[in-house]
Amino acid sequence: MFIRLNEGWKIPEQLATPEAAYLNRRTVLKALGITGMGMMGNAGFAFGATEGTYPAKRNPDFILDRPLTDEKVAGKYNNFYEFTTVKEEVYQLAEKFETHPWQIEVSGEVDKKKTYDVDDLIGRMPMEERLYRFRCVEAWAMAVPWTGFPLKHLIKEIKPKSTAKFVRMLTFLRPDTAPGQKEQPWYPWPYYEALTMEEAMNDLTMLVTGIYGHELPKQHGAPIRLITPWKYGYKSIKSIVSIEFTRKQPPTFWNKIAPLEYDFYSNVNPVIPHPRWSQATERLIDTGNRVPTKPFNGYGEYVAHLYV
Ligand SMILES: Nc1nc2c(c(=O)[nH]1)N[C@H]1C(S)=C(S)[C@@H](COP(=O)(O)O)O[C@H]1N2
Ligand SMILES: [Mo]
């Protein structure tokens, strides 16, 4: 995040292409009533306890103002510092990382600690697909179909105590198989993030296990990650092993490293520049087009009320 600034932000903005609601091929075919199993097959991605999960039914409430990002581009341009800070190399270094089986520990302001198995959650949570914009603080952006479930469903099941005001999440700590953790000991591993309880319960907030109609490849944060589309990407913590409910606002990884550059809330905001670059526009990673940044990344109707 520090070392590979995109040069693009320095050049004058390109004009945005006109907005148009995006429908992909499957949605169009569905609308016409002509989808068949042959077209919607799983292409060998689903297996084991999650068989039949993907592709999940798309939630039609979430439409895009831009085409979906090319899956191959999104899968080879990743921030996942546990493996490397070189975006183009994450997918290779994460390849052998073991993500199955996988448990999440729930602790803190709860009646008793509990362990959840990710396959079990996938089997019984209301899985859906959503097309979301995604915006990294480095000013690159993409639009992808995530599969997962709103975090609020899990929180309602957990029933945290009324003293729970924040939700803290942690990534794995495995320096033996995650070379970035071993070779960059100056970072405060494991990666940790947090939301207010209101943010965690918001309709937009998802725990995600899939992308592009199949399970998450490792570079995108398998087997389960957070997605908060109105916040900069670093809030979307990958490969979650722990969820803790706290009374006080927890510290966060990037805020700890550079408090003046990364604040707790980190809501996408075109008028507040990062100390080292403008946030007025963003670069779409597959086309290279620059488009204006939207307040709350375009999701103000869902979340603006949380911040007044
Ligand atoms: N555990 C962990 N989660 C993480 C990161 C990371 O380095 N480690 N990087 C974050 C940042 S800065 C971004 S932009 C997104 C990138 O998600 P993607 O690679 O799936 O596009 O993941 C976020 N989640
Ligand atoms: Mo990011």
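This is a predicted model: local features need pLDDT of at least 70, side-chain atom pairs count only at pLDDT 80 or more; totals for chains, interfaces and linings use all residues.

Reader: How does one look for empty space inside a protein?

Author: Rolling a probe the size of a water molecule over the atoms shows where empty space is left. Here, a search of the whole structure turns up 2 cavities of 30 Å³ or more.

Reader: What is the volume of the largest cavity?

Author: The largest cavity has about 290 Å³. Its lining has 23 residues, and the closest to the centre are Asn79, Phe80, Gly233, Tyr234 and Lys238.

Reader: Which helix and strand each supply at least two residues of that lining?

Author: Look at strand β4 (140-150) and helix α9 (253-257). Each gives at least two residues to the lining of the largest cavity.

Reader: How do the lining residues divide by class?

Author: Count 14 nonpolar, 6 polar and 3 charged residues in the lining of the largest cavity.

Reader: Where does ligand 1 sit?

Author: Ligand 1 sits in the largest cavity.

Reader: Which residues come nearest to ligand 1?

Author: There are 20 residues around ligand 1. Tyr81, Glu82, His220, Arg225 and Lys238 come nearest. By class, this shell holds 10 nonpolar, 7 polar and 3 charged residues.

Reader: Which side chain has an N or O atom 2.8 Å from a nitrogen atom of ligand 1?

Author: That is glutamate 82. Threonine 171 also has a side-chain N or O atom by a ligand nitrogen, at 2.9 Å. For an oxygen atom of ligand 1, turn to lysine 238: a side-chain N or O atom is 2.7 Å away. The protein covers 99% of the 540 Å² of accessible area that ligand 1 has on its own.

Reader: Now the backbone. Which residues does a cis peptide bond join?

Author: Check the omega angle. Tyrosine 54 and proline 55 are joined by a cis peptide bond, with omega about -5 degrees. Proline 55 lies in the loop between α2 (37-40) and α3 (71-74). A cis peptide bond also joins alanine 222 and proline 223, with omega about -5 degrees. Find proline 223 in the loop between β8 (214-215) and β9 (225-227).

Reader: Which residue has a positive phi although it is not a glycine?

Author: Lysine 159, with a phi of about 50 degrees. Look for lysine 159 in the loop between α6 (151-158) and β5 (166-171).

Note on methods. Residues are numbered from 1 along each chain as its sequence is written. Chains are lettered from A and ligands numbered from 1 in the order in which they are written. Side-chain values use heavy atoms; hydrogens and water are left out. On a 1 Å grid over the protein atoms alone, a cavity is a set of points where a 1.4 Å probe fits but cannot get out, and a pocket is an open set with protein on both sides within 12 Å along at least five of seven lines; lining residues have an atom within 4 Å of a point. Grid points are joined across faces, edges and corners, and a volume is the space filled by probe spheres set on the points. Helices (H or I, at least four residues) and strands (E, at least two) are DSSP runs, numbered from the N terminus. Ala, Val, Leu, Ile, Met, Phe, Trp, Tyr, Cys and Pro count as nonpolar, Asp, Glu, Lys and Arg as charged, and the others, Gly among them, as polar. A residue is near a molecule or strand if one of its heavy atoms lies within 4 Å of it. A polar contact is a pair of N or O atoms within 3.5 Å; within protein, one must be able to donate a hydrogen and the other to accept it, and residues adjacent in sequence count only if both atoms are side-chain atoms. Accessible areas come from the Shrake-Rupley method with a 1.4 Å probe; for residues, only the protein chains shown count as cover. A molecule sits in a cavity or pocket if more than half of its atoms lie within 2 Å of its grid points.
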